[in-house]
Amino acid sequence: KASLPATILAVYVCLLASVAVIGLVVQQMRTTRASQYAPAMIPLRKAFGCIANASWTLIEGDKSEDAFREHLQHSLQFLAETFSLVTGAPCRASIKMTFAQASGVGDAVDIRVYTLCRSHEDDSDDPASSYDRVDNNTDFRQVFEDNAAYFFCNNLPAELEKGYQNSHWTPQVIQSRSFKYRTTIVWPISRARARMDGPVGRKREVIGFLCVDNQAVNSFNETY
């Protein structure tokens, strides 16, 4: 029979080896991710260039809405490529705009969103002809109503039990687990309220959202 000290030593060595292996795996993941930052700067730079072209079209160009959307779509394609390189998972990007619509109850209005442009033409969700209520979507609601700096979630299906809402996740989608994305980041597109009348503490007017998502859970990193 092995002595107690020998057993303790064996357990300790096994535990130490396990921790070392886990540490190496985590370090490798970090190194692999960090190694993609430099290559990702190339499509990111192109994305900013396309935004500049879109702005020029409206300000100095022929003011063509079709040309503007084309430049905007190219920008979103490069942005999606940037996040795909960093995360190692195919990402999508879209821009959604807000508008107010009478709710039919007195003077109350519903704030809704529609898709202005997206990175992939073959995406079937959120067609430009449909509208979604901000109140029915946790990500938009937290940014628009709760004044959050952004919405970040690395596992959306897991948040369903905590009250996460998505107007495109029907009971059938949830039951079949046929989610078109499982992680997302949503940023506000806003302008300052410095010269506008608005609620105290709200220093911005959210006019839209920039959204990036993909299928792989835990693929985004909130810090970098």
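**Entry 1: layout**

I counted six helices and six strands in the protein chain. Both kinds of element are DSSP runs numbered from the N terminus, helices being H or I of at least four residues and strands E of at least two. The model is predicted, so I note that local features need pLDDT of at least 70 and side-chain atom pairs count only at pLDDT 80 or more, while totals for chains, interfaces and linings use all residues. Residues are numbered from 1 along each chain as its sequence is written, and side-chain values use heavy atoms, with hydrogens and water left out.

Read along the sequence, I get the pattern α-α-α-β-β-β-α-β-α-α-β-β for the protein chain.

**Entry 2: totals**

I looked up burial next. Of the 224 residues of the protein chain, 34% count as buried. Buried means under 20% relative accessible area, exposed means over 50%, and partly exposed is in between, with a 1.4 Å probe and protein chains only.

The accessible surface of the protein chain is about 13900 Å², and 58% of that surface belongs to carbon and sulfur atoms. Such areas come from the Shrake-Rupley method with a 1.4 Å probe; for residues, only the protein chains shown count as cover.

For contacts (heavy atoms within 4.5 Å), I took those in the protein chain between residues at least 6 apart in sequence, and 59% of them join residues at least 24 apart.

**Entry 3: strand pairing**

I checked which strands pair, which requires that DSSP finds at least two bridges between them. Strand β1 (residues 91-102) and β2 run antiparallel and are joined by nine bridges. I noted one partner here: K96 has T115 in β2 as its bridge partner. β2 and β3 also run antiparallel, with two bridges between them. There, V113 stands opposite D132 in β3.

**Entry 4: salt bridges**

A salt bridge is a side-chain nitrogen of Lys or Arg within 4 Å of a carboxyl oxygen of Asp or Glu. By this rule I have six salt bridges.

I started with E65 and R69, whose side chains meet in a salt bridge at 3.3 Å, N to O. E65 and R69 are separated by about one helical turn because they are four residues apart in helix α3 (residues 65-87). R69 is partly exposed, with a relative accessible area of 28%.

Then I looked at D110 and R133, whose side chains form a salt bridge at 3.1 Å, N to O. D110 lies in strand β2 (residues 109-118) and R133 in strand β3 (residues 132-133), so this pair ties together parts that are 23 residues apart in sequence. D110 is buried, at a relative accessible area of 13%, whereas R133 is partly exposed, at 25%.

R133 also meets D135 in a salt bridge, at 3.6 Å, N to O. D135 is partly exposed, with a relative accessible area of 33%. Through salt bridges that share partners, D110, R112, R133 and D135 are joined into one network.

**Entry 5: nonpolar cores**

A nonpolar core is a set of buried Ala, Val, Leu, Ile, Met, Phe, Trp, Tyr and Cys residues joined through side-chain atoms within 4.5 Å. Which residues of the largest nonpolar core touch the most other members? Of its 17 residues, they are F140, F151, L156, W169, V186 and F209. The elements that give two or more residues to this core are α4 (138-144), β4 (151-153) and β6 (204-214).

Not counting residues up to four places away in sequence, L156 touches F151, Y164, W169, Y181, R182, T183 and T184. Apart from this core lies another, of 16 residues, among them F68, L76, A80 and F83.

**Entry 6: aromatic pairs**

Rings of Phe, Tyr and Trp (its six-membered ring) pair if their centres lie within 6.5 Å; planes under 30 degrees apart count as stacked, over 60 as edge-to-face and the rest as tilted. By this rule I have 10 aromatic pairs.

F83 and F220 form an edge-to-face pair, 6.0 Å centre to centre with 85° between the planes. F83 lies in helix α3 and F220 in the segment after β6, so the pair ties together parts that are 137 residues apart in sequence. F220 is buried, with a relative accessible area of 5%.

W169 and F179 have ring centres 4.2 Å apart and planes at 40°, so I recorded the pair as tilted. W169 is in the loop between α5 (156-159) and α6 (171-176), and F179 is in the loop between α6 and β5 (183-192), 10 residues apart. W169 and F179 are both buried. F151, Y164, W169, F179 and Y181 form one aromatic cluster.
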